[in-house]
Every structure is written in C-alpha cells, then in structure tokens.
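This report describes selected features of the structure shown below.

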Amino acid sequence: MLAKVFSAAVWGVDAFAVEVEVNATHGKVVTVVVGLPDTAVKESRDRVITAVNNSAFKYPFGRVTFNLAPADVKKEGPSFDLPMALGILAASEQIHPRNLDHYWVVGELALTGEIRPVKGALAIALSARKHRKKGLILPAANAPEAAVVAGLDVYPVRHLREVAEFIAGLKEIPPLRVDPNEILGEFDAIEHDFADVKGQEHVKRAIEVAVAGGHNILMIGPPGSGKSMLAKRIPGICPPLTLDEALETTKVHSVAGLLSAEQAMITRRPFRSPHHTISDAGLIGGTANPSPGEVSLAHHGVLFLDELPEFRRSALEVLRQPLEDGTVTISRAAGSMTFPAQFMLVAAMNPSPGSGGFGDAERGRASATAIRRYLNKISGPLLDRIDIHVEVPAVKHETLLRPHAAETSAAIRVRTVKARQVQHERFASKRKVRCNAQMSAKDLKTFVPLDADGEGLLRMALSELNLSARAYDRILKVSRTIADLAGAEKVDATHLSEAIQYRTLDRQVWG
C-alpha cells in the first residue's frame with residue numbers, strides 16, 4: 001500500500017515542503033530511501049525499523065521504498081524519522097491515514113520510539129502556516145519555539161506511539177499556545193552596567209551615539225584601557241527587540257541549533273564575540289553544508305571583534321558585503337544561500353603591535369615599519385564602513401582611585417530607545433530602513449538637509465581630512481543620530497562637528 005506524509009526541510013534560514021511517500025509491498029526484504037538523501041537521512045531507515053518495532057508496532061516484511069520529494073533537492077538531517085515511521089504505519093494499515101494530510105510532521109526518533117528535537121522548528125512553522133496547514137506535529141522540546149507563530153496549531157509529542165494514537169483519533173493532544181508579546185515583555189536584569197566603568201566619558205558618549213543610530217564603531221587604545229569592558233556593556237543600552245526582529249533572530253539561532261531546550265524565542269539582542277583565530281567560514285558562514293556564521297548569529301545584535309588586526313585579512317574583507325547590504329550570500333556546490341546579517345559592528349584594536357599607545361615613547365617599542373604593517377591589516381574600504389572611530393586612552397590612576405557616580409546603563413538606554421522611536425516614526429513608510437545607519441544616499445538628501453553653515457563646515461572637513469565619499473555619508477548619518485539624541489528636528493553645525501570628530505582618528509592613525 002502507498003501512503004504519504006507531509007514534512008519539511010530547512011534550506012538556509014527558510015523551510016520548504018517535503019512529501020514523504022512510503023510504499024510497502026511483498027517481495028525481497030529490503031528498505032530503500034530515494035530522493036537525494038544525505039548520510040543522516042539514509043541512516044533513518046535503521047532508526048525507523050527499530051523504533052517501530054520497539055513501539056509495539058510491526059515493521060512490514062517485504063520491500064519498503066521511501067521517496068522524499070522534490071527529488072532534486074538534497075535532504076539533510078534526522079528530522080524525517082518521524083514522518084517516515086508514520087508513513088510505514090499508514091502503508092501497512094496499522095493506522096488510518098485519513099488525517100495525515102492536515103499536518104506537517106518532523107522529528108528525530110530514538111531507538112525506543114522517543115522523539116528528539118530537531119533544528120529549524122521556527123522556520124518550519126512559518127512555512128507550514130504559509131502553506132495553510134492545519135497544524136504542525138513536532139518534538140515537545142521544539143514546541144515552544146514553533147508555537148510563537150500565530151495562526152498555526154502546534155502539537156508537542158514525545159513518543160511515536162503517542163503520535164500514532166493521535167492520528168488514529170484515539171488520543172487528544174491539545175495544541176500549545178504561546179504569547180510572543182508576553183515573552184518579549186520579560187526583561188532580564190542588566191548584567192554589565194556602564195556605571196561600573198570609571199572615566200572614558202567621551203567613549204561612552206560615542207557608544208551611546210552608535211547604539212542610538214545602529215552605527216558601527218571602532219575603539220583604538222592600549223591594552224587595559226577598557227575597550228572590552230565597554231563593549232560588553234553595549235547590549236545593556238540597546239533598544240529591546242521588536243516581535244519581527246525577535247522572530248528573525250530566533251529563526252537564525254534555531255537553524256544553527258543554538259536554542260536551549262524549551263526556549264521559545266530570543267528575547268535579547270545577541271552579542272557575539274568570536275576569537276581572532278576564527279576561520280572565514282566560521283565568521284561568514286559556510287562549510288560543505290552552508291550554515292549561519294557569526295555575522296548571521298549576530299543578526300539584530302552586536303558583533304564584537306576584539307584585536308581587529310589579528311583577524312585574517314580575508315575574513316575582514318568578506319565583512320564588507322554584510323556591513324553594506326545586511327545579508328551574506330554563500331555559494332557552494334549544493335547551491336547558493338543568503339543569510340541575514342544586519343548587525344552593529346563593534347571593533348577594538350591597539351594602535352601598534354606592541355602594548356603601545358599614541359605617544360612617541362609607546363610607539364618606540366615597535367619600529368615604524370612594524371606599526372605600518374600592523375595598521376595596514378585594516379583596509380580603507382573596511383574603515384569607511386565603520387561610522388565612528390574613537391580613541392580609548394589609558395585610564396589615569398587618580399581616576400581609578402577617585403570615588404565616582406557614573407551614569408547607569410538604564411539611564412542611557414532611555415535616551416537610545418527614545419532616539420530609535422524617533423527613527424521608527426521617520427522611516428515608517430520605508431520597509432528596509434529601521435535606523436539612521438541604514439539610510440541610503442537618497443534618504444540622506446530627504447532627512448539630513450544642511451544649511452549654508454553646515455555645508456561650509458562639512459566641505460572644509462572633507463578637504464582637510466581627505467575623507468572619501470562613503471565617509472561623507474557616514475558623517476551625515478551620525479550627525480542625524482546626534483540630532484535625534486538632542487531632540488532636534490534639523491541637523492546643525494554643532495551636530496556635524498561632533499560627527500566629524502568621530503572620523504578624524506582614523507586619519508591620525510592611518511595617515
């Protein structure tokens with residue numbers, strides 16, 4: 001007898017429908033899996049045979065053929081175990097298949113018949129709703145993640161026997177209900193607070209501007225000046241995720257298999273801090289079977305690259321596409337995938353290969369040639385894509401010893417959230433623009449008009465600092481953010497002056 005079960009597979013960060021056709025006939029005892037399966041899918045037959053027998057069912061004695069359609073797309077992972085087992089039960093008439101057409105089914109089987117979690121549950125749930133399926137049957141550990149999708153019944157299951165009885169109408173499984181807005185409303189306490197940082201007030205201001213407008217920032221200073229300490233406190237002043245942003249972020253982490261058990265959704269902006277020895281594929285994504293890299297795992301969050309010149313030159317150069325487009329495209333023999341990568345880049349570096357600062361005495365520890373070779377690891381095009389450059393000098397002893405009452409992250413966050421709300425209203429009609437850093441050249445003409453004084457100041461700065469056209473756009477974007485923080489409708493010379501100073505350090509260091 002022939003039976004059909006609907007399932008799904010993940011491609012990139014999206015899912016597509018897969019029809020699992022099962023045919024059981026008399027003949028030579030053999031089980032065949034076709035439809036371009038990978039090794040994990042081919043091994044499913046052994047798991048399915050054992051799980052069916054250990055769940056008080058009988059595996060058919062004869063020829064069994066599994067076909068995974070469409071047959072021209074490679075199928076990966078163990079998520080087809082459960083639909084294949086249900087197909088066997090339906091094809092051998094151990095359950096009635098009348099209700100199978102209403103559901104998508106995914107899940108990995110243990111040899112005991114227990115159902116284990118799979119990757120990409122949120123992407124599968126979104127695709128199931130798009131295909132107007134009645135419900136999604138999946139492992140209980142994945143159910144909270146999938147249940148955040150409105151308009152789709154999600155049925156959490158733990159054992160093959162339980163699913164079979166549900167399909168046969170012998171058992172009721174209530175669909176899981178999750179309110180994503182309620183989950184987003186649960187705020188965790190700020191773990192790292194700016195109030196703990198002594199001094200560096202101008203750096204805190206630059207970071208506030210960067211977060212308020214979604215700008216990339218580079219901190220340059222000697223070891224021990226607090227660059228990493230400041231970077232770790234950035235998530236505490238970031239605006240909360242919107243529901244759309246949370247779903248997009250959760251989908252990436254789900255596909256990568258990084259959601260913890262029973263976790264319904266990512267509720268805080270990601271903070272990713274890869275080591276400088278990371279490979280190009282680890283940073284951007286890839287391997288033989290393309291998967292999200294660090295730039296995609298930082299989607300709608302912060303990517304912190306400490307010791308920036310120590311990263312491989314090739315890895316830094318491939319950052320240029322995601323920084324410019326907000327996406328990263330990976331091409332392999334298996335096909336081409338596009339992953340989202342809209343993040344705020346926070347980078348830190350020393351001004352020389354030693355422990356040096358900007359003074360002559362410090363620079364004397366390394367030769368001019370060594371310093372130039374070190375700084376040239378950061379290319380001009382990459383620097384141009386970083387909106388704000390700020391010096392982080394060593395903190396003086398008297399500053400460390402003096403009692404201080406620094407501003408808290410909560411207080412700073414109030415201002416960044418207010419500035420983002422202004423930008424949200426400004427770009428309400430623009431689908432792809434959420435903050436000032438994402439404005440196009442056309443948007444700059446509309447939202448950052450300059451008066452005569454502003455044009456004169458900017459013209460003089462461009463001439464004296466020999467800035468590129470891309471740097472010109474960055475100055476306008478940052479000045480718009482500074483004006484938003486000040487509550488000003490128009491950008492004036494004061495806002496421009498502060499924005500220009502955030503572009504001067506790179507010329508002092510790189511010459």
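Glu 248 belongs to helix H10 (residues 243–255), whereas Arg 434 sits in the loop between helix H19 (409–426) and helix H20 (441–447), 186 residues apart. A salt bridge is a side-chain nitrogen of Lys or Arg within 4 Å of a carboxyl oxygen of Asp or Glu; helices (H or I, at least four residues) and strands (E, at least two) are DSSP runs numbered from the N terminus.

The model is predicted: local features need pLDDT of at least 70 and side-chain atom pairs pLDDT 80 or more, while totals for chains, interfaces and linings use all residues. Residues are numbered from 1 along each chain as its sequence is written, and side-chain values use heavy atoms, without hydrogens and water.

## Other salt bridges

By this rule the count comes to 22 salt bridges. Arg 47 pairs with Asp 81, with the closest N and O atoms 2.7 Å apart. This pair links helix H2 (residues 44–54), which holds Arg 47, to helix H3 (residues 81–91), which holds Asp 81. Both Arg 47 and Asp 81 are buried.

In the salt bridge of Arg 116 with Glu 108, the closest N and O atoms are 4.0 Å apart. Arg 116 is partly exposed at 44% relative accessibility, whereas Glu 108 is buried, with a relative accessible area of 18%. A network of salt bridges links Glu 208, Glu 407 and Arg 415.

## Helix H22

Helix H22 (residues 469–486) has 18 residues and spans 26 Å from its first C-alpha to its last, close to the expected 26 Å; the expected span is 1.5 Å times one less than the number of residues. Because 13 of its 18 residues are buried, H22 is largely enclosed by the rest of the structure. Just after H22, Gly 487 takes a positive phi of about 75°.

Definitions and conventions: Buried < 20%, exposed > 50% of the residue type's maximum accessible area, 1.4 Å probe, protein only.
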